[in-house]
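Below are some notes on the model you sent.

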Amino acid sequence: MTGRTRPVSSGSARRTRTPRRAGAPVRRALPSGTGKLVTLARRFNARAERLDAYAPPRGTGVVASVLLLLGAILLGIVRGGNAPEAIDGFHAARDAVADAFGFNITSVALSGNKHLSRDQIFAAAGVTSHSSLLFLDVADARAGLKTNPWIADATVQKLYPDRLQIAITERAAFALWQKDGRIGVVADDGTVLEPYLTHQFIDLPLFVGIGAAPRAKDFLALLDRYPGIRDQMRAAILVSERRWNLRLKNGIDVKLPEDDVAGALDRLVALDRDKKLLTRDILAVDLRLPDRVTVRLSDAAAAAREEVLHPKKPKKGSSA
């Protein structure tokens, strides 16, 4: 068979290998399944090359340094416990910038204040001579105003560029309230307005005891139906948060029941009209029981009554 060509069928044909050039690298077949790894590696290299070619904008390093410095300063302020001072300083600088652009508060229209002064209202609202209208939070200002017990309600409006409007509704002093030996001025809803330090409110009715302040308005409304008793009242004392005692100006104590106070007052008025009870030498009138009235005499009146009921017999041998 030498010198003859072997016929090759089409189904068993073999590829003819290309002769390798001298010095060319030898390519070896990769193991099965490594094609995906090669693809991922090529993509990673391509992205890395793009990142290497990216040039950040000019000044990026300066900005990053400033942010890093500010972060370090902020961390030091927080750890050092100086955060409130730093915040105040920031607010002052912010307001100064706003004022430079014409947003400083030049006038404040204030209405509704009778007891409180302008300075007290400004302090409660957080408004100072350096405050700017631009950065003033009206919700915070209103909340600050309502922390003052004299202020029942308030509205705050900004009128750009430099005017502020504040309207308040004040509570009125209604009564004095003594608790634990201390006396305060209270409103009709029981809110303690301020300690009783001056004689400005000396004519207000006095209520004594735990829980007396919130119930004072309703009790006085009942007493107003009995002006003769109301005018003689020196103090109303709430006993065990259940019932009232009246201390009259002449020193008589009137013990009222827990229920049907109006009925007890009706009996008291009738006794005073018919028997002049409240002008007698007595210490207390007990109206707690619906079917009887108990009166406690003073020591002198009790002795005189005892003398009338049980006169002492003269001793033998004594002159008549």
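1. A residue is called buried here when its relative accessible area is under 20%. The model is a predicted one, and 24% of the 320 residues of the protein count as buried.

2. Overall composition: the protein has nine helices and twelve strands. Its accessible surface is about 23,400 Å², with 55% of that belonging to carbon and sulfur atoms. Among contacts with a separation of 6 or more, 46% are between residues 24 or more positions apart.

3. Leu136 lies in the loop between α4 (118-125) and α5 (138-146). Buried or exposed, for Leu136? Leu136 counts as buried because its relative accessibility is 11%, against a cut-off of under 20%. Leaving aside residues up to four places away in sequence, Leu136 touches Ile105, Val127, Lys158 and Leu164. Its C-alpha is 9.8 Å from that of Ala125, eleven residues apart in sequence.

4. Strand β9 (residues 243-248) is mostly covered, with five of its six residues buried. It pairs with β8 (residues 233-239) in the antiparallel sense, over six bridges. Val239 has Arg243 of β9 as its bridge partner. Three residues separate the two strands in this hairpin, where Ser240 takes a positive phi near 55°.

5. β9 also runs antiparallel to β10 (residues 253-255), joined to that strand by three bridges. Here Arg247 stands opposite Asp253 of β10. The β9 and β10 hairpin has four residues between its strands, and Gly251 in the turn has a positive phi of about 95°.

Key: Residues are numbered from 1 along each chain as its sequence is written. This is a predicted model: local features need pLDDT of at least 70, side-chain atom pairs count only at pLDDT 80 or more; totals for chains, interfaces and linings use all residues. Side-chain values use heavy atoms; hydrogens and water are left out. Buried means under 20% relative accessible area, exposed over 50%, partly exposed in between (1.4 Å probe, protein chains only). Contact means heavy atoms within 4.5 Å. Accessible areas come from the Shrake-Rupley method with a 1.4 Å probe; for residues, only the protein chains shown count as cover. Two strands pair if DSSP finds at least two bridges between them.
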